[in-house]
Amino acid sequence: MKLYSAVKAPSPRRILMALAEKGMTQVEVVNLDLGKGDNLSADFRARNPIAKVPVLELDDGTCIAEASAIYRYLEEICPEPALLGRTAVEKAVIEMWDKRVESAFFMPVGNCFQHTSGFFKDRMTPIPAWGEEAGKLAAKFLPVLEQQLALNPWVAGERFSVADITALCTLEFAKVIKLRPGDEFPAIQRWYQAMQQRPSYSA
Ligand SMILES: N[C@@H](CCC(=O)N[C@@H](CS)C(=O)NCC(=O)O)C(=O)O
C-alpha cells in the first residue's frame, strides 16, 4: 500500500494519524509538493481525477481518495483499535461529528486560506471577501466544539475516534488563518493537550 500525501497538508495528515493509531506503519508514503503542482500531473490525476491528496493506492492498483473513504477502508482491514465506532449508535454519532467537523470547520478554514492567501492562484480565482467570510464561519465552530468537549472527553463522546483526528488536523491548520482557540475555550485546551500526548500526533 502507498499513501500519496503532502507535508503539512491537513487532509493527508488525517490518514497518517489514523495509520499511526492502528499501528499500520509499514505503508509507503509518497510526498507531493502541492505548491509546485505535483498533484496536477496527468500521472497523479490518473489516481485521483480531482487532483487532491490523500490517495491510498492498494497493491492491486485500486486508488482510494477522500479521507473518509480511506478511514473506512483502514477500519475494514484493521478493525482494532476501532476509530469508526463499534455499536450502531457509536458509528452514527462518530460519522455525524466527523462530517460536522469537515463541513463546518475544515471547509471554511480551507476556503479562508485559499481565498485570502492566493496560495493556489495558479489553479483557482481567489475571492478575498469570500475568504474573510469563510474565516468568520470557521470561528463560529469553536464554541460548538467547546460545548461538546465540555460534556465529553472526546469529540464524538466517550471514545477517541476519527472525529478527534479530523478536528485536530483542522485546528492546527487553522493557524494559517490565525484562528487559535485561547483560554476562553478551556475544554478545547484540555482536549488539545490530550491529543498532543498521543503518539499519532507526530505521525
Ligand atoms: N475532500 C477531500 C479533500 C482533499 C483536499 O482538499 N486535499 C488538499 C490538501 S489538504 C489538496 O490536495 N489540495 C491540492 C489542490 O487543491 O491543488 C478529502 O477529504 O480527502
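## Charges over rings

A charge is said to sit over a ring if NZ of Lys or CZ of Arg is within 6 Å of the ring centre and within 35 degrees of the ring normal. Arginine 13 lies in this way over the face of tyrosine 201, at 5.2 Å from the ring centre. The charged end of arginine 100 sits over the ring of tryptophan 97, 4.5 Å from its centre.

## Basis of the model

The model is predicted: local features need pLDDT of at least 70, side-chain atom pairs count only at pLDDT 80 or more, and totals for chains, interfaces and linings use all residues. Residues are numbered from 1 along each chain as its sequence is written, and side-chain values use heavy atoms, with hydrogens and water left out.

## Aromatic pairs

The structure holds 6 aromatic pairs (rings of Phe, Tyr and Trp, the last by its six-membered ring, with centres within 6.5 Å; planes under 30 degrees apart are stacked, over 60 edge-to-face, the rest tilted). The rings of phenylalanine 105 and phenylalanine 141 have centres 5.2 Å apart and planes at 25°, so this pair is stacked. Phenylalanine 105 belongs to helix H4 and phenylalanine 141 to helix H6, so the pair ties together parts 36 residues apart in sequence (helices are DSSP runs of H or I, at least four residues, numbered from the N terminus).

Phenylalanine 113 and phenylalanine 173 form an edge-to-face pair, 5.4 Å centre to centre with 75° between the planes. This pair links helix H4 with helix H7, across 60 residues.

## Helix H7

Technical notes
Helices (H or I, at least four residues) and strands (E, at least two) are DSSP runs, numbered from the N terminus.
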